[in-house]
Amino acid sequence: FDVIVFNFAVNESKARYFASELLRPENGRLLAPVNAQRDYWLKQTYKAFDAKGNVLWSAGDVGAWSVQFQPDVTQDTCQGVWC
């Protein structure tokens, strides 16, 4: 894929895995709200990855808002009203 965008929170290891497995090596990009800490589903940081899993850009706040998304419900550690 050229671009992958997650609309739910994920652990950084999952974002890196998807980037390295599914993106085109030349110019693929993945944007995801990544948990600020592993399995902590209450705060995320936007991160953009290349196909090697390198972080190209990140932002913990967007304007005046902190980044918080619905958790990855496929994770055993999911917590909150969505799980």
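## Reading the fold

Helices (H or I, at least four residues) and strands (E, at least two) are DSSP runs, numbered from the N terminus. With that in hand, the sequence of this predicted model reads as β-α-β-β-β-β-β. In total, the protein has one helix and six strands.

Residues are numbered from 1 along each chain as its sequence is written. Because the model is predicted, local features need pLDDT of at least 70 and side-chain atom pairs count only at pLDDT 80 or more, while totals for chains, interfaces and linings use all residues.

## The sheet

Let's look at the sheet. Four strands form an open sheet in the order β1-β2-β3-β4, with mixed pairing; two strands pair if DSSP finds at least two bridges between them. β1 (3-5) and β4 (55-59) are at the edges with a single partner strand each, so one side of each has no neighbour in the sheet.

Strands β3 (residues 44-49) and β4 run antiparallel and are joined by four bridges. K47 has S58, in β4, as its bridge partner.

## The helix

Where does helix α1 lie? Helix α1 (residues 12-22) lies across β1, β2 (29-35), β3 and β4, and runs at about 170 degrees to β2. Here, contact means heavy atoms within 4.5 Å, and axes are lines fitted to C-alpha atoms, for helices over the stretch in contact, with angles from 0 to 180 degrees between N-to-C directions.

## The whole protein

Along its principal axes, the C-alpha trace spans about 40 × 30 × 15 Å. Of the 83 residues, 34% are buried, meaning under 20% relative accessible area with a 1.4 Å probe, protein chains only.

Note on methods: Heavy atoms only, no water. Buried < 20%, exposed > 50% of the residue type's maximum accessible area, 1.4 Å probe, protein only.
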